Amino acid sequence: MRSAMKAGFSLVSLTVAMLAGLPAAALAETRVLRDFTLIDGTGKAPAANQALVMTDGRIDWVGPSAKLKAPAGAKVERLKGKYLMPGLIDSHVHLGLVDGITQDLQYQTAENIEKQLRIYAAYGVTTVQTLGTEKDLIFPIQQRRKGPTAMSRVYTVGQGVVFKGSYGGVPGLDQSVATAEEARAMVDKEASKGADLIKLWVDDEFGMLEERMPPRISSAVIDQAHKDGKKTVAHIFYYSNAAELTREGVDAFAHSVRDRAVDDALLGQMKAKGVWQMAATLSREASFTYRTLPFLDDPFFARGVTPAVLKELASPERAAKLGAAPNFPKYAPTLQYAMDNFAREAKAGIRYGMGTDSGPTARFPGYFAHWELELMVKAGVTPMQAITAATSANAEFMGARDIGTVAPGKWADLLVLDRDPTADIRNTRAIDAVYIAGNKVPTIWQTCTGRAADACGPRP
């Protein structure tokens, strides 16, 4: 019976592989990786001399290399000196909004989204969660996560809920509601499409807009989402809104409080109600403090963008325009509040994930995830805590049961590194290989965007 079931599963897997654009042979074989140091995503200490067996894109067995019994005919790869961990999960992204660094909803096509998902994968970010600015074309792409794929898996809220005339969403999407009844109807609509959770925005862009989403709307969104069996995540900026949304029963925040320090009162409320800091988006806040981004000459970044983008990012005209913007002086204190408040939450025992708010103009897929990890550690958590946030913790909040840890039954979505990221979080950039569903995909060190394959030079 067991062999018959496995044969049936393999037949289904092969069909799914062909639909996903993978070669059928990719899932017809068992593969073995051995002799690596395992960081399994749970927060446990790294374990040396480990091995795993993967079949049909999923992990069959994990354990010491000394106890490995490699199946007959399996392909075996020795990873001595390497570090293996789950692929990273970015819990806060937006897909298909830009061409280069020009933002417009017209660029949100399946082709552009897939191109960005391959860049995420190249950086070892094997799953992303889109947070509220995607057209309905995202849902067929979302469904691909259920099988083997050659690009990052997608979780999505579809379209988030915006209070009419207030902050949030993107031009071209009809996301605005004016009444509680309209808010409830929109929640039902997105839930019926297959949204994984519900997003709402509560902000006024540094006071530039007259009104934030009021409690009569936000409470209706949260209540209706829970009736539909969906968690809610809120874009917030202000302490007062974080406190009110916590009272209303929101499940998570998509950014840190950034207008003042959080205190014991809010931390106690969040902890009592189980509110997550799903994403602190420290890299987003940091990016706004620069007239010229500080990593343009970093090959780890430059390989993921075109020469035209690099030129535009480096232009004195762009730097002058950013520096002259009225809100530019506000960004440095905003970043500091985000860093300090994230640290306070972590110390207080608030659950947290990792998310970047990548995708809008000049917030770059994949690279920002590694910058986010670095800033999380700079804020005060350990490298292992940051890694755990970006793997099993994100998976837990998202309800993603088959990713996030290296364990039997999980998808073999893996990141192999040359150096130990628990010793130095910047070692997540030392990417040797990325596996999705047990198959290697091109890494950023094998990528040279917008140029000939050899134009980026050797890996440093």
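## Close-up views of the predicted model

**Contacts of Arg-145.** Beyond its neighbours within four places in sequence, Arg-145 is in contact (heavy atoms within 4.5 Å) with Arg-153, Val-154, Tyr-155, Asp-196 and Trp-411. The model is predicted: local features need pLDDT of at least 70, side-chain atom pairs count only at pLDDT 80 or more, and totals for chains, interfaces and linings use all residues. Residues are numbered from 1 along each chain as its sequence is written, and side-chain values use heavy atoms, with hydrogens and water left out. Arg-145 sits in the loop between helix H3 (138-143) and strand S10. Helices (H or I, at least four residues) and strands (E, at least two) are DSSP runs, numbered from the N terminus. Is Arg-145 buried or exposed? Its relative accessibility is 15%, so Arg-145 counts as buried. Buried means under 20% relative accessible area, exposed means over 50%, and partly exposed is in between, using a 1.4 Å probe and protein chains only. The Arg-145 side chain also reaches the backbone oxygen of Val-154 at 3.1 Å. This is a polar contact: a pair of N or O atoms within 3.5 Å, where, within protein, one must be able to donate a hydrogen and the other to accept it; residues adjacent in sequence count only if both atoms are side-chain atoms.

**The annotated region, residues 83-441.** The unreviewed UniProt entry annotates residues 83-441 as "domain: Amidohydrolase-related". UniProt positions follow the numbering used here, feature names are shortened, and annotations may be inferred rather than shown by experiment. Over this stretch the chain is 39% helix and 15% strand. The end C-alpha atoms of the stretch are 17 Å apart.

**Parallel sheet S6-S9-S10.** Here 3 strands form an open sheet with parallel pairing, in the order S6-S9-S10. Strands S6 (88-93) and S10 (153-156) are at the edges; each has a single partner strand, so one side of each is left without a neighbour in the sheet. From one strand to the next the twist averages 20 degrees. Axes are lines fitted to C-alpha atoms, for helices over the stretch in contact, and angles run from 0 to 180 degrees between N-to-C directions. S6 and S9 (residues 125-130) run parallel and are joined by 4 bridges. Two strands pair if DSSP finds at least two bridges between them. Which residue of S9 is the bridge partner of Asp-90? The partner is Val-128. Helix H2 (residues 110-122) packs on this sheet and touches S6, S9 and S10. The direction of H2 makes about 130 degrees with that of S9.

**Buried and exposed residues of helix H7.** Leu-266, Leu-267 and Met-270 are buried in H7 (residues 264-273). Why are they on the same side of H7? They cover an arc of only 100 degrees around the axis, which puts them there. The arc is that of the directions from the helix axis to the C-beta atoms. What do the buried residues of H7 pack against? Their partners are helix H6 (239-248), strand S15 (252-253) and helix H12 (331-348). The face turned away from the buried side carries exposed Asp-264 and Ala-272. Just after H7, Gly-274 adopts a positive phi of about 70 degrees.

**Parallel sheet S13-S14-S15-S16.** This open sheet is formed by 4 strands in the order S13-S14-S15-S16, with parallel pairing. S13 (198-201) and S16 (276-277) are the edge strands, each pairing on one side only. S14 (residues 232-235) runs parallel to S15, and 2 bridges join them. Ala-234 has Phe-253 in S15 as its bridge partner.

**Surroundings of Tyr-167.** Tyr-167 lies in the loop between strands S11 (162-163) and S12 (176-177). At 19% relative accessibility, Tyr-167 counts as buried. Beyond neighbours within four places in sequence, the contacts of Tyr-167 include Trp-201, His-235 and Arg-284.

**The S2-S3 hairpin.** Strands S2 (residues 47-55) and S3 (residues 58-64) run antiparallel, joined by 6 bridges. Val-53 is opposite Trp-61 in S3. The hairpin has 2 residues between its strands, and Asp-56 in the turn has a positive phi of about 55 degrees.

**Trp-445, after strand S19.** Trp-445 lies in the segment after S19 (439-441). Its relative accessibility is 14%, so Trp-445 counts as buried. A polar atom of the Trp-445 side chain lies 3.1 Å from the backbone oxygen of Arg-429. Beyond neighbours within four places in sequence, Trp-445 is in contact with residues including Pro-299, Phe-300 and Pro-460.
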